[in-house]
Amino acid sequence: MADRLDQYFGVHATALRLRSERMGVIASNIANAATPGYKARDLDFGAALRDAAPDVRLSRTSAAHLSPTAEEAPMLAWRQPVQPSLDGNTVELATEQVQFAETALRYRSTLGLLGGRIQSLTAALKGDQA
Amino acid sequence: MTLGIFDIAGRAMTAQLVRLNSSASNLANAGAVSATAEGAYRPLKPVFAAQYEGNTGRATVSVLGVVQADAAPQRRHEPGHPLADAQGYVHVSAVDSNAELVEMVETARQYRNAIEVLETAKSLTLETLRLGR
């Protein structure tokens with residue numbers, strides 16, 4: 001039964017976990033905005049999802065998209081600063097804030113998708129007598 | 001123990017508050033006068049260090065301590081000052097008010113960022129709890 005439920009929720013359950021993971025990494029960057037020598041990191045969502053759910057492929061719909069090549073692509077990558085600072089800190093608050101907001105939004109949309117599935121499941125269980 | 005977003009942002013706020021306190025102390029003591037060079041106020045600086053949680057990519061910030069900057073106090077000739085020494089000199093604390101003000105603004109901005117992170121994490125957690133209702 002649990003297996004069926006996993007299948008029913010599909011990739012969204014994994015995606016939700018990874019998005020929350022990514023928010024943790026970006027929150028760490030924001031927290032260390034003033035720590036000398038701190039190197040900002042980010043989670044490669046596509047690579048992490050491939051690792052967690054190998055049967056799911058993120059499709060490349062444009063030639064400008066980065067092509068996911070190696071299977072061993074690291075899930076955590078260092079952020080390349082636009083303008084490196086003297087104290088070795090590579091956190092750029094504007095970048096981090098945008099990434100954080102984007103991840104929060106994507107987390108919300110994944111929640112919405114999951115909520116939809118749960119609602120149809122409940123409707124099916126109740127026999128739609130509401 | 002795993003670091004949640006709340007821990008990360010909460011400790012960032014603590015660190016920024018320590019930084020704000022040091023700035024406030026420095027600004028309050030800008031221009032403070034002492035009878036001896038040793039007794040003069042020296043600017044306080046917090047030392048931040050990243051605290052990593054293994055290889056998970058999560059890290060919070062901790063304050064290793066607050067150190068006294070070794071900026072030498074200024075010697076100023078003021079024979080009429082009640083604290084002046086035999087040669088008529090007083091020692092003024094070496095606080096750079098402009099730098100401290102900039103520090104204060106930056107601290108406030110980063111504190112605000114941490115609050116923003118907390119609020120986003122809170123609302124997302126609440127939404128997750130309401131999932132499927």
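A: B:Ser34 stands opposite B:His91 in β5 of chain B. This is a predicted model, in which local features need pLDDT of at least 70, side-chain atom pairs count only at pLDDT 80 or more, and totals for chains, interfaces and linings use all residues. Residues are numbered from 1 along each chain as its sequence is written, chains are lettered from A and ligands numbered from 1 in the order in which they are written, and side-chain values use heavy atoms, with hydrogens and water left out.

Start with the strands of chain B. Helices (H or I, at least four residues) and strands (E, at least two) are DSSP runs, numbered from the N terminus. Two strands pair if DSSP finds at least two bridges between them. β1(B) and β5(B), residues 89-92, pair in the antiparallel sense over two bridges. They belong to an open sheet of three strands, in the order β1-β5-β4, with antiparallel pairing. β1 (33-34) and β4 (74-77) of chain B stand at the edges with a single partner strand each, so one side of each has no neighbour in the sheet.

Next, another pair in chain B. β2(B) and β3(B), residues 59-68, run antiparallel and are joined by nine bridges. B:Ala50 stands opposite B:Val61 in β3(B). The hairpin of β2(B) and β3(B) has six residues between the strands, and B:Gly54 there takes a positive phi near 55°. In a regular strand, side chains alternate between the two faces of the sheet.

Now, which residues does A:Asn32 touch? Contact means heavy atoms within 4.5 Å. Leaving out residues up to four places away in sequence, A:Asn32 touches A:Tyr38, A:Asn89, A:Val91, B:Ala50, B:Ala59, B:Thr60 and B:Val61.

A:Asn32 sits in the loop between α2 and β1 of chain A. Its relative accessible area is 0%, so A:Asn32 is buried. Buried means under 20% relative accessible area, exposed over 50%, and partly exposed in between (1.4 Å probe, protein chains only). The side chain of A:Asn32 makes a polar contact with the side chain of A:Thr35, at 2.8 Å. A polar contact is a pair of N or O atoms within 3.5 Å; within protein, one must be able to donate a hydrogen and the other to accept it, and residues adjacent in sequence count only if both atoms are side-chain atoms. A:Asn32 and A:Thr90 are 58 residues apart along the chain, yet their C-alpha atoms are separated by 9.7 Å.

The side chain of A:Asn89 reaches the backbone oxygen of A:Thr35 at 2.6 Å. A:Asn89 lies in the loop between β2 (76-78) and α4 (93-126) of chain A. At 5% relative accessibility, A:Asn89 counts as buried. Not counting residues up to four places away in sequence, A:Asn89 touches A:Asn32, A:Ala33, A:Ala34, A:Thr35, A:Pro36, A:Gly37 and A:Tyr38.

A:Tyr38 leads back to chain B. Rings of Phe, Tyr and Trp (its six-membered ring) pair if their centres lie within 6.5 Å; planes under 30 degrees apart count as stacked, over 60 as edge-to-face and the rest as tilted. The count is two aromatic pairs over all chains. In A:Tyr38 and B:Tyr52, the ring centres are 6.0 Å apart and the planes are at 15°, so this pair is stacked. The pair crosses between chains: A:Tyr38 is in the loop between α2 and β1 of chain A, and B:Tyr52 is in strand β2 (residues 44-52) of chain B. A:Tyr38 counts as buried, at 1%.

Last, look at α3 in chain A. Six of the eight residues of α3(A), residues 45-52, are buried, so this helix is largely enclosed by the rest of the structure. The buried ones are A:Phe45, A:Gly46, A:Ala47, A:Ala48, A:Leu49 and A:Arg50. They pack against α2 (11-31) and β1 (41-43) of chain A. At the start of α3(A), a side-chain oxygen of A:Asp44 reaches to within 3.3 Å of the backbone nitrogen of A:Gly46.
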